[in-house]
Amino acid sequence: MNNESSPQAQLADEELDRLEALLDEPALAEAMRLDEIQAYLCAALSGPQAIAAEDWLADTLGGDEALVSEPGQQAAELLRRFAAALEAGLAAGEPPVLLLYPHEDGDNAASDYAPWCQAYLAGVDAAEDDWFEFLGETDDESEDSEEITYLDERLFPLMVLTGEAEAAARENGEEWPQGEEREQIETDCQDDLPLAVTEIYRFWAAKRGPAIRRDEAKIGRNEPCPCGSGKKFKQCCGAS
């Protein structure tokens, strides 16, 4: 993994190594990789409201059973501290040092940004409130608000590095740059990514007001669905 020391963006190197080892335990076979966890957390801590720690812990470690296992409990302790340090850096406007794995085995292989970006977008999708609907996006052809445009622009590096921007362009019959132009766009997006996710966090942090008062108790995403299906809320009625 490629990373540099940063007092606010991550744990000490030996703690990161310990966390990586825990994530390889058989009890955590469905856990995300460390690069994916960092990305998921950047999104989970952002949005109209942050995803609850109990939910993102279950999501990143592979479920409730994994979380209550001995390796899961040890990993959860490290992840809580990791998330706190990560959020402190984002709140201070300090772009995180991305934890990235190489495309191929070997120290000189280029870093693979796609899994990081895919995990971030999974964190966006896991939010209780759709980010763009919260900002008033509709299906009509009215002009986007400045806030929606701002968020779109900040998400652009992630859309490029996951290939979603190219897929959308081709779906609309548009050409996508190739050759050196394509490489330059991807390089620029890689360079812009840490600042983009920091600005997204600070955008949402500035928009959050006092806690929203609810008439009914909030249903946790990992709690049983009240419809009686026996599934978790996030896998049933909460998936819509």
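1. In this predicted model, E147 and K207 form a salt bridge, a term used here for a side-chain nitrogen of Lys or Arg within 4 Å of a carboxyl oxygen of Asp or Glu, and their closest N and O atoms are 3.0 Å apart. The pair links distant parts of the chain, since E147 belongs to helix α8 (residues 146–161) and K207 to helix α10, 60 residues apart; helices here are DSSP runs of H or I with at least four residues, strands are runs of E with at least two, and both are numbered from the N terminus. E147 is partly exposed at 31% relative accessibility, and K207 is likewise partly exposed, with a relative accessible area of 33%; buried means under 20% relative accessible area, exposed means over 50%, and partly exposed lies in between, with a 1.4 Å probe and protein chains only.

2. On the basis of the numbers: residues are counted from 1 along each chain as its sequence is written, and side-chain values use heavy atoms, with hydrogens and water left out. Because the model is predicted, local features need pLDDT of at least 70 and side-chain atom pairs count only at pLDDT 80 or more, whereas totals for chains, interfaces and linings use all residues.

3. An α-helix has 3.6 residues a turn, so residues three or four places apart point the same way. E166 counts as buried at 17% relative accessibility, while R170 counts as partly exposed at 46%.

4. The side chain of E166 also meets that of R182 in a salt bridge, at 2.9 Å from N to O. Because R182 lies in helix α10 and E166 in helix α9, this pair ties together parts that are 16 residues apart in sequence. R182 is partly exposed, at 23% relative accessibility. Through shared partners, salt bridges join E166, R170, R182 and E186 into one network.

5. Helix α5 (residues 70–91) packs against helix α10 (residues 179–207) at an angle of about 85 degrees, with their axes 9 Å apart; the axes are lines fitted to C-alpha atoms, for helices over the stretch in contact, and angles run from 0 to 180 degrees between N-to-C directions. That makes α5 roughly perpendicular to α10, the class for angles of 65 to 115 degrees, with those under 35 counted as roughly parallel, those over 145 as roughly antiparallel and the rest as oblique. The contact, meaning heavy atoms within 4.5 Å, is made by E87, L90 and A91 of α5 together with V197, T198, Y201 and R202 of α10.

6. Helix α2 (residues 34–44) is largely enclosed by the rest of the structure, because 10 of its 11 residues are buried. Among them are L34, D35, I37 and C42, and the buried residues of α2 pack against α1 (13–23), α3 (53–61), α5, β1 (101–102), α6 (114–126) and α7 (131–134). C42 itself has a relative accessible area of 0%.

7. The structure holds zero disulfides, a disulfide being a pair of cysteine sulfur atoms within 2.5 Å. C189 is in no disulfide, and the nearest cysteine sulfur, that of C117, is 8.7 Å away. C189 is buried, with a relative accessible area of 4%.
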